[in-house]
Amino acid sequence: MFTPKAEELDTLFPLPPLPPSSQAPARLPGITHASSAALANALKDNHVKWHAYFNDRGFHNHASHHLVAIYALGAGGPLIEAAYQTHVVYMRPAIEAPEPIDEKSFWVHLGKREFYNSYLEFFRTQLRNKDITDVLEEYVFSSRANVGGSGTEGEPHMLARFYAALAHPMIHIGCGLELGFLGLVAEGLAQAATHNDQGKELVPDSLFQHPKDPSTGSVSRLSALIPSLSLRKRPAASGRTASHGEKASAPHAFTILARVLATSSFSATEIGLPLPEGSSPFDLVSEKSGSALAELVAEWAADLDGENVSPATIQKKIEELTWVNAIIYGVAGWAGRDRSPNKQYNADFFFMHLVTSSLFLPSFAAYLSPRSMALLLRTYFAMSLAWYIARGRPALPIREFYEATTPKPAPPSLGRESIPAAKDTLTPDDAAANPWLPIIQTTLTHPGEHVCKLQRALMHNATVYGTRDAGHFTGTELEGAEILDGTLFIRVAGLSADRLGWMKEGQEQGGWDRAGF
């Protein structure tokens, strides 16, 4: 088994540069040279020592996701190292694959986890020798990587594999793009290659019937989104920013979500849910309703057709998907609270991944061609809706959610006597002048690796979309959408903190809910 030398590891895991675009998540103060070195060193160690899957069922090594999230939230070096050690205890050592992977055998062993380390070495080599955008286009978004072509076997379905297992390959690659770690991009691509092609019905072959694929070396990027790209080997070609030639309008993502709610064929009864333990409801939804979902999403994607999709359109679509997934996780979780042990909030483990994966859409937009980003957005939306249906298509009572939740969540007192504020303190009765600050503080030291990912994503959404006022979404078919405002994200973050435990403040650790709806 090939182990990278120290010099190559430094290239794969440098000290993190600035985010790849102004739209990518901002990093909180607290980051230092020491914390950056601690992150890079832990990721190098993880890359060399441990396997991507820590058991025979293909469960994922989450160390990198955890460390990247808390680093971006301002964690110091000792905390990063302590978090890494919580993962070391369950890791499986890296194992040698049965044989190397090359250009020919790449297409032969897709979906075989035992070939992970060979695919990892293959993608390390690709990323050493090619522009990162070219690698993503060639091995994830091209026609050849999905419906096949010269030298392939069957239909590789790489974009479906990219979303497999709750979008873990997508999340992993996204971490690498955002933080400037080619090593994480290589790991994520190797994961995609070794996952199965579940959900392939959500990625119809017709999406790849274009006169030409994104070309290597001449891909037009979404230049308005990407003032600085740390992983590029060369400057990007200028992309068109005008919307000339694009279709005038398409239904809002909320309208598509409302139609999923209103269509009887998407009900749990019609789909045949719930399934016996061990069966995959996502696979069943994809097989029975994948084509119908793809058609619905095609309406939403009408203004994503063509080679010259504008950055403004991409940003608009990213925002719509961000809100949809936050509503699915947050509003449905509140509505389904009776299914949770605490009867207050159903923090669904599967819906949570829809929120955490949406965080990386701006980082993908910074690197992909307009056509490939359009492919990502429409297929990501279909994947999100498939998971929504697979979990039971729960109700989304937005108005009732707003009436019952608070935009000012605060840590529990746990019976401790509070110290009164000093004289002349402004708003002395306000338990948290900025409610995000105590949430981030308790999140940083929470041992659950998904907690920091979720709260960071919700905080980013609040940062970018927090000024949206009630009425902003008037005119869609989603009931109650006119009530939505930028406080959605802090409301959901507060409910999540209550369910998962304010551990720094003395509460016991809570857990994610998996009972469904």
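User: In this predicted model, why is Cys 175 called buried?

Analyst: Cys 175 has a relative accessible area of 3%. Buried means under 20%. Cys 175 is therefore buried.

User: What makes Cys 452 buried or exposed?

Analyst: The relative accessible area of Cys 452 is 1%. The cut-off for buried is under 20%, so Cys 452 counts as buried.

User: Why is Cys 175 in no disulfide?

Analyst: The nearest cysteine sulfur is that of Cys 452, 9.8 Å away. A disulfide needs the two sulfur atoms within 2.5 Å. At 9.8 Å, the sulfur of Cys 452 is therefore too far for a bond. By this rule the model has 0 disulfides.

User: What makes Thr 445 partly exposed?

Analyst: Thr 445 has a relative accessible area of 40%. Buried is under 20% and exposed is over 50%. The value lies in between, so Thr 445 is partly exposed. Thr 445 sits in the loop between helix 19 (436–444) and helix 20 (449–465).

User: Which residues does Thr 445 touch, leaving out those up to four places away in sequence?

Analyst: Thr 445 touches Leu 79 and Lys 504. The C-alpha atoms of Thr 445 and Ile 70 are separated by 8.6 Å, though the two residues are 375 apart along the chain.

User: Why is Thr 427 called exposed?

Analyst: Thr 427 has a relative accessible area of 54%. The cut-off is over 50%, so Thr 427 is exposed. Thr 427 is in the loop between helix 18 (398–404) and helix 19. Its phi is positive, about 40°, although Thr 427 is not a glycine.

User: Where is Ala 165, and what is its phi near?

Analyst: Ala 165 is in helix 9 (residues 164–179). Its phi is near 50°, a positive value in a residue other than glycine. Ala 165 has a relative accessible area of 22%. Buried is under 20% and exposed over 50%, so Ala 165 is partly exposed.

How values were computed
Residues are numbered from 1 along each chain as its sequence is written. This is a predicted model: local features need pLDDT of at least 70, side-chain atom pairs count only at pLDDT 80 or more; totals for chains, interfaces and linings use all residues. Side-chain values use heavy atoms; hydrogens and water are left out. Buried means under 20% relative accessible area, exposed over 50%, partly exposed in between (1.4 Å probe, protein chains only). Helices (H or I, at least four residues) and strands (E, at least two) are DSSP runs, numbered from the N terminus. Contact means heavy atoms within 4.5 Å.
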